[in-house]
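Colleague: I am new to this structure and would like to learn how to read its features. Please take me through them.

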Amino acid sequence: MKDYLNSGKIQLKNYLFFEKINSKNRTIKNQKTTFNKLFFWFFIFLIFVISFVVVRWTPAKYGFNLFFENIKNFFNPIVKSEYIKDSNLFAISFYLLFQTINYSLLGLFIGGGLAFLTSYLFAFQFKNKWIYSITKTFFTILRILPEIIFIYYFSNSFSKKMSVVMIFALFNWVWLHEYFTQMFENTNYTFYFHLLKNSSTKFKSFQIEILPQIKIKILNLLLYTFESNIRWSVIISKLGFLGIGTLLNSPTINISYFRELLIPLFVLVFFLVIVEFSFNLIKKYIYEAKITINENKYFKHKIYKRLFNWLIFIFLVSFIIFNIVYLKDIKFYPSNSTEYFKDFLNPSFREINNNWGKNTFYILELLLLIFTCNFLVFIFTYISLFLLNKKMNNEYYSAFIRIANVIFRNVPIIILFLFISPIFKNPQVAFIIGFAIHSTFIINKNMDEYINYDGYKKNIELLHSYGISKWKIYRTYLRPKINSNFITFFTFEIEKNTRNFINYGIFASSTIGLKTTITNGREYIDIVPYLWISIAIIFIIYISGHFIRKKINKN
């Protein structure tokens, strides 16, 4: 008997949750039975249970008492610091914030400028596939290296002020290059080539046609990177660099300093919220404003825009001059730099070979930490994105969620850890929850424009008029619409959280992370093998996420 189902005319293709029947010019997609779904989620749940046991989610005996005591001390602040003797906390917070802003902004200026230049040259100016491939490989290598490697290198090779600027400059260059390259590759070049045919130069054509398409995206990326730099300064401060993180890290030394935490945290979050609010106003009324066909209004707006651009230019020139003076005592230690690379490229795996069983467990533990954290991110965002939708919820309630999202997104992760850690015996659990909460707020920000896309409103209202519940509309209609965008941002957060479990090793976020930390008993040569293990894990996560995003974009 002929098998018509899998003949040349009709083909059946099996996938995890659905099957496709192809017949000449037509494809029918059928959902499979729920067995596969149940098996998949049972498998996920099983891993979560294993993680729950291995990571030890055991509550501390008096953990909640200490938690509420810390909350009480936090909301009972003192103005005169005991950590930095005889200092007014407001005055010292603003001074240290200024220091943090200075090297964060300088690092962004250098790294962002380099990123724009390299992405323009290698993704836009040149079409040679070999140059593009070499550049892509170079930046991929830089991306898979844990940030802690560069922090140790620059802190050992340069004077303190220069090293912290170089750290931020490199981070910003590597990450912004990737985003700028994608931005250039997804831009419409139709009119650009038309201008080139009419004897316009490449730069002039770029300025007229390409730059207006991408300038808002560039501004958004620069703002996000600046905020990230400020939050990253908390870790940098823990390694000996002066900044606002010096005060925010004080409770890790002594829990009595919780009374000194509210003021510097308020100063930091208030500054970041004001920056974001001001940025949105500038973007809305200067760069995105749609002027009606009125000659007087048009020229007024053009004058305001030009004036604002000149103010930005004057600020940047002043900022550069100030930092030439600020970084006048630049020192480079070539012998330290050479020794660093020599040790990094010649690791001794003797400690790992002698304790193979333990180190295998540490790797398994890290993978379970990453899985559990991102599983919580998925659950949290599944609920929070429903709450963010304006049509599904009360307008005021939705606005409250947005305000809370802005505030908590700007709270450094270490603050979440300080409050959660007393509840559990294992500090890793506090980082799982802290990273998950922070990633949820980041995804909420990135997904806001998709979840509230105007094109969905009428369909949501129509479905709701048929008596379908809001949750069912979200689950069966809205969620599938935004799923590809969500997966893209979710894979980025998986990669970021993988790095976080390594970079926050100084706070015992993971055993592998702790092994990559220089302490009194461990020198740089001792941590190098664990840095290579970290690189291998990040590489696997990065490649997996890259292929998932590539497949989504292709589809």
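Predicted model: local features only at pLDDT ≥ 70, side-chain atom pairs only at ≥ 80, totals over all residues.

Colleague: How many salt bridges does the structure hold?

Modeller: Side chains of opposite charge can pair when their charged atoms come close. A salt bridge here is a side-chain nitrogen of Lys or Arg within 4 Å of a carboxyl oxygen of Asp or Glu. The structure holds nine. One of them joins E495 to R143, with 3.2 Å between the closest N and O atoms. E495 belongs to helix α19 (residues 470–503) and R143 to helix α4 (residues 129–144), so the bridge ties together parts 352 residues apart in sequence. Helices are DSSP runs (H or I, at least four residues), numbered from the N terminus.

Colleague: Are E495 and R143 buried or exposed?

Modeller: Buried means under 20% relative accessible area, exposed over 50%, and partly exposed in between (1.4 Å probe, protein chains only). E495 is buried because its relative accessibility is 2%, and R143 is buried at 1%. Both also belong to a network of salt bridges that links K136, R143, E147, E178, E495 and R499.

Colleague: Which residue forms a salt bridge with E493?

Modeller: K496 does, with the closest N and O atoms 2.8 Å apart. E493 is buried at 5%, while K496 is partly exposed at 22%.

Colleague: Where is S233 found, and what does S233 touch?

Modeller: S233 is in helix α8 (residues 202–238), and is buried at 0% relative accessibility. Contact means heavy atoms within 4.5 Å. Leaving out residues up to four places away in sequence, S233 touches T100, Y103, F168, I244 and G245.

Colleague: At what angle do α14 and α17 cross?

Modeller: Axes are lines fitted to C-alpha atoms, for helices over the stretch in contact, and angles run from 0 to 180 degrees between N-to-C directions. The axes of α14 (residues 356–388) and α17 (residues 427–451) cross at roughly 40° and come within 8 Å. Under 35 degrees counts as roughly parallel, over 145 as roughly antiparallel, 65 to 115 as roughly perpendicular and the rest as oblique; α14 and α17 are therefore oblique to each other.

Definitions and conventions
Residues numbered from 1 in each chain as written. Heavy atoms only, no water. Helix = DSSP H or I, 4+ residues; strand = E, 2+ residues; numbered from the N terminus.
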